[in-house]
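Work through the exercises below with the sequence and the 3D view open. Try each task before reading its solution.

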Amino acid sequence: MVEREEAVLKKSGVIFVLFFSLIPVFWMLIISLSQSPDFLVNGEMVLTLKNYFDIIARHNLHFLDFLKNSIIVAGISSLFSTLIAALAGYAVSRIRFRGRMVFMILVLTLSMFPQICIIGYLYKFMSRLGWINSYPGLILPYIAWSLPLGLWIMLSYFSQIPRELDEAAMVDGANRFQILIRVILPVALPGFLSTILLLFIFSFNEFLFALMLTTDFHSQTVPVGIALFQGLHGELPWGYIMSASTISCLPVIIIALLFQRQIIQGLTRGAVK
Amino acid sequence: MNNKGRDALLFILPLICFVILFILIPVIGTLLNSLRQDVSFMPKRFIGFTNFVRLSADQKFWQSVLFTLVFPAISVFLEMVFGMVIAITLNQTLKLRGLLRGIALIPWAIPGVISARIWQMIYRYDYGLANYLLKFVGIGPVNWLGSSSGAFLCLVMADVWRTTPFVAIILLAGLQVIPTELYEQAKVDGAGPIKRFLYITLPLLSPIIIVALIFRTIDALRVFDIIYVLTGGGPGGATTSLSIYGYRFYLLGDFGYGSAISVMLFIFALIFALIFIKAGKFGRLSV
């Protein structure tokens, strides 16, 4: 009795997860592949790849520019942010300095600031530097903005590595920086890579900073491009928007499917315990 | 300063520099700007709390405050419910469980702007999927984005879709540390799945539920991207969050007033953050 009840519950759970997660994604795919987005009311559905060809071939749509900007900005900022977070995480995990706890709480509190409290002033700051609509103008704030998350994840990986490893190296006369590079990082490499992936998703999806700090396709990212997409006569070009969305979602969906274990670990290490 | 302090400082210095330059200084700048008249092409001057006095008499501001507080209450509650169902499912022994976990992450992984665009299309009055499906149960067509309650519901559903995976994996982590013997024992005693959930899972998971709740609440307070795309804050300002309202003044070049709005949001977030630090006391910060 109980066994069968359980099996039914389990199956319904799986079906719920699949429907909940995939229906909107499938809908995006279907619209991107159909000739006109209104096939639900206007008769038949014609499958076509035209939207994809157009979005890639028509340079005035600038989709490839947005994608390139996004990958460069998210790639560079996630790499640097992880490096900087690794340095700080190492110190917090290994050096028993005073105020460690206060430092961690302060960094955590920073990540809770609403972006709108930062962006007004940041906009003026970047204008004065002449960095509006440039890569550094986006990359530098992204590094700062993803550091708190990066720090917590790196810290959780470091604190799992036995201290005996450092102590042995220290006896051999290595300084702390050498220990980090030669002893800790090789062991924490999986953690390092999954932090980069998580922070990549984090920056790839960011919207408000990119909206304020960019003005055209030279540095606008995918979210900004897709949010500001306009049709010629007011009607939104749904086929283009959805094919651009599908292509842009591919990298993050692949990351989610291939590295689900690392992502889940990264996101939860800080929360549990 | 002792040796340890100096060593540590060297390692955390890059982080401190970035955080001070690109987070702390801008936040302080916003706080100071809220006390200024700072409109593009006009001389700046200190005006004390005038911006806040103007806020207190601004109907649209109070409308956004209401939205900003009600929106998290409803959407975070739903995220907890759905997140729990998904977390429990992902914690079962299943074939292809890894793949299912990856699939469950997808709504969280894709950019918020894109999920807002997908929902915007689903909610279209004339040929949207939502009205098409509702027709079969004899409802509709509903003017989703044209009415204030409809627009509110759309935003809640879009936000729930996008952030439930995050809640689910936080809860999943909590589920994984509950000893399985407890369930085995309850099974022997003849407790069904629902009883086991109510008497074992829920009480043991409550600290993690609180962590997820507060993380999500603080995040939902600052909601911006899905509103920007889905409703633009409309109709008639019904779905204008404080982030959207503040942004609108930045866009107009009125940085003083926009900053005052941001500061109010900051205060709300701070209150929740303080609760978070208090709630975090139960063992969370054992580094």
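Contact means heavy atoms within 4.5 Å. This is a predicted model, in which local features need pLDDT of at least 70 and side-chain atom pairs count only at pLDDT 80 or more, while totals for chains, interfaces and linings use all residues. Residues are numbered from 1 along each chain as its sequence is written, chains are lettered from A and ligands numbered from 1 in the order in which they are written, and side-chain values use heavy atoms, with hydrogens and water left out.

**Exercise 1.** Describe the interface between chain B and chain A.

Step 1. Count the residues. 95 residues of chain B contact 101 residues of chain A.

Step 2. Take the buried area, the accessible area (1.4 Å probe) that two parts lose on being put together, summed over both. It comes to about 9,200 Å², with 81% on carbon and sulfur atoms.

Step 3. Find the chief residues on chain B. B:Phe11, B:Arg117 and B:Tyr127 lose the most area to chain A, together 9% of what that side buries.

**Exercise 2.** Which salt bridges join chain B to chain A, and how many are there?

Step 1. Apply the rule: a side-chain nitrogen of Lys or Arg within 4 Å of a carboxyl oxygen of Asp or Glu. Two pairs between these chains pass.

Step 2. Look at B:Asp38 and A:Lys124. Their closest N and O atoms are 2.7 Å apart.

Step 3. Turn to A:Arg176 and B:Asp7, which meet at 2.9 Å, N to O. A:Arg176 lies in helix 8 (residues 176–204) of chain A and B:Asp7 in helix 1 of chain B, so this pair joins two chains. Helices are DSSP runs (H or I, at least four residues), numbered from the N terminus.

Step 4. Check burial. Both A:Arg176 and B:Asp7 are buried. Buried means under 20% relative accessible area, exposed over 50%, partly exposed in between (1.4 Å probe, protein chains only).

**Exercise 3.** Is B:Arg54 buried or partly exposed, and where does its salt-bridge partner lie?

Step 1. Identify the partner. B:Arg54 meets B:Asp254 at 3.6 Å, N to O.

Step 2. Locate both. B:Arg54 is in helix 2 (residues 50–56) of chain B, and B:Asp254 in the loop between helix 11 (242–252) and helix 12 (255–279), 200 residues apart.

Step 3. Compare accessibility. B:Arg54 has a relative accessible area of 40%, so B:Arg54 is partly exposed. B:Asp254, at 13%, is buried.
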